[in-house]
Amino acid sequence: MTIFNYGSINIDHVYRVPHLVQPGETLASSSYQALLGGKGANQSVALARAGAKVRHIGRYGENDQWVLERLESFGVDCHLVAATNTPSGHAIIQVDDQAENCIILYAGANHTFQPQELPHLLTEAQKGDWLLLQNECSCTAEMMSLAAQHGLKVAFNPAPMTEAVAQLPLESLSLLVVNEVEVLQLLQLEHFDLSQVTERLTTHYPALAVIVTLGAKGAVWVDQYQVIEVPALPVKAVDTTAAGDTFIGFTLAALSQGRGIQYALELGCKAAALCVQRVGAAQSIPSLEEVLA
Ligand code: ADP
């Protein structure tokens, strides 16, 4: 079973600063790093690290060949990733001495997809394969519908969450993966109460399986027939960047290999528990061997 990941590729430009820059101020940074990022790329790395067969569908700016090489170095099949003359998607990230951050995002090449280009990108996909997507590329709605028409199982992680998500053809999905904030926004609820969330999800989206990740509280699977709760591992988190991406990669890898829901959720929580004990995004995602050990 192949997982096609229609996903963002970003470069994270990370600047270490004494304080977040103020209006009108020019501020020297003490360090700079350019890192592979983007929810799409991170999730492809996690899928590959979990042993899944993953093909990334994405775009980057033609001057940033290293981004492609980095993604490939993690074992991601990148032959459906293309260079464009639009700059790569990127994030300008300031991190201050209190570990506070602020971020400017530019979608760049991630937003160059046009609806008429999508069928060509799915020609290799077979009925029963998975398509994973997030909310950082253009044509999200079109890709979702097209993949479902092709007989693919579609998994959607609506991050970053926007008001437009509720209007997407969510009925064409097999799996929705949301964090606590995202599910509350989607259902227009104030507080997380599992029985209320379950009632709303199964009423509004009866055909859908939903995983809600709950940070240090773990994760829960909700569908019409069952609610399966899995606790997080009690670890000391130092950086939760890419925790959700790691969880999704390992959980979906297990599901795509025919593993049961409980096993898949537990594997996702274990992998994410290792991720949060390490600093960084893609480089903090563990291998399957580490997780099983
Ligand atoms: P996101 O990063 O998308 O906001 P969450 O914060 O819900 O997602 O985290 C995803 C998963 O990572 C959780 O379901 C859990 O398994 C794991 N996780 C996150 N924070 C912690 C933590 N402090 N301790 C242990 N596991 C964690």
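Which residue forms a salt bridge with Asp-77? The partner is Arg-55, with the closest N and O atoms 3.5 Å apart; a salt bridge here is a side-chain nitrogen of Lys or Arg within 4 Å of a carboxyl oxygen of Asp or Glu. This is a predicted model, in which local features need pLDDT of at least 70 and side-chain atom pairs count only at pLDDT 80 or more, while totals for chains, interfaces and linings use all residues. Residues are numbered from 1 along each chain as its sequence is written, and side-chain values use heavy atoms, with hydrogens and water left out.

**Overall build**

- The protein chain holds nine helices and 13 strands, where helices (H or I, at least four residues) and strands (E, at least two) are DSSP runs numbered from the N terminus.
- For 293 residues, a compact globule would have a radius of gyration near 19 Å, and the chain agrees with its 19 Å; the radius is taken over C-alpha atoms, and the globule rule is 2.2 Å times the number of residues to the power 0.38.
- The C-alpha trace spans about 55 × 45 × 40 Å along its principal axes.
- Of the contacts with a separation of 6 or more, 63% are between residues 24 or more positions apart; a contact means heavy atoms within 4.5 Å.

**Surface and charge**

- Buried residues account for 53% of the 293 in the chain, with buried meaning under 20% relative accessible area, exposed over 50%, and partly exposed in between (1.4 Å probe, protein chains only).
- The accessible surface is about 13,400 Å², and 51% of this belongs to carbon and sulfur atoms; the areas come from the Shrake-Rupley method with a 1.4 Å probe, and for residues only the protein chains shown count as cover.
- The chain has 15 positive and 29 negative charges, and their mean positions are 8 Å apart.
- In that count Lys and Arg are positive and Asp and Glu negative, with His and the chain ends not counted; each charge is placed at NZ of Lys, CZ of Arg, CG of Asp or CD of Glu.

**Salt bridges**

- Side chains of opposite charge can pair when their charged atoms come close.
- The count for this model is eight salt bridges.
- Asp-97 pairs with Arg-16, their closest N and O atoms being 3.5 Å apart. Asp-97 sits in the loop between β6 (89-95) and β7 (101-106) and Arg-16 in strand β2 (residues 10-16), so this pair ties together parts 81 residues apart in sequence.
- Both partners are partly exposed: Asp-97 has a relative accessible area of 49%, and Arg-16 has 33%.
- Asp-245 and Lys-39 meet in a salt bridge at 3.1 Å, N to O. Because Asp-245 lies in helix α7 (residues 243-256) and Lys-39 in helix α1 (residues 39-49), the pair ties together parts 206 residues apart in sequence.
- Asp-245 is buried at 3% relative accessibility, whereas Lys-39 is partly exposed at 24%.
- Back at the opening pair, Asp-77 and Arg-55 form their salt bridge, linking strand β5 (residues 77-84) to strand β4 (residues 53-61), with the two residues 22 apart.
- Asp-77 is partly exposed, at 29% relative accessible area, and Arg-55 is buried, at 16%.

**A look at helix α1**

- Helix α1 is mostly covered, with nine of its 11 residues buried.
- Among the buried ones are Gly-40, Asn-42, Val-45 and Leu-47.
- After α1 comes Gly-51, whose phi is positive, near 90 degrees.
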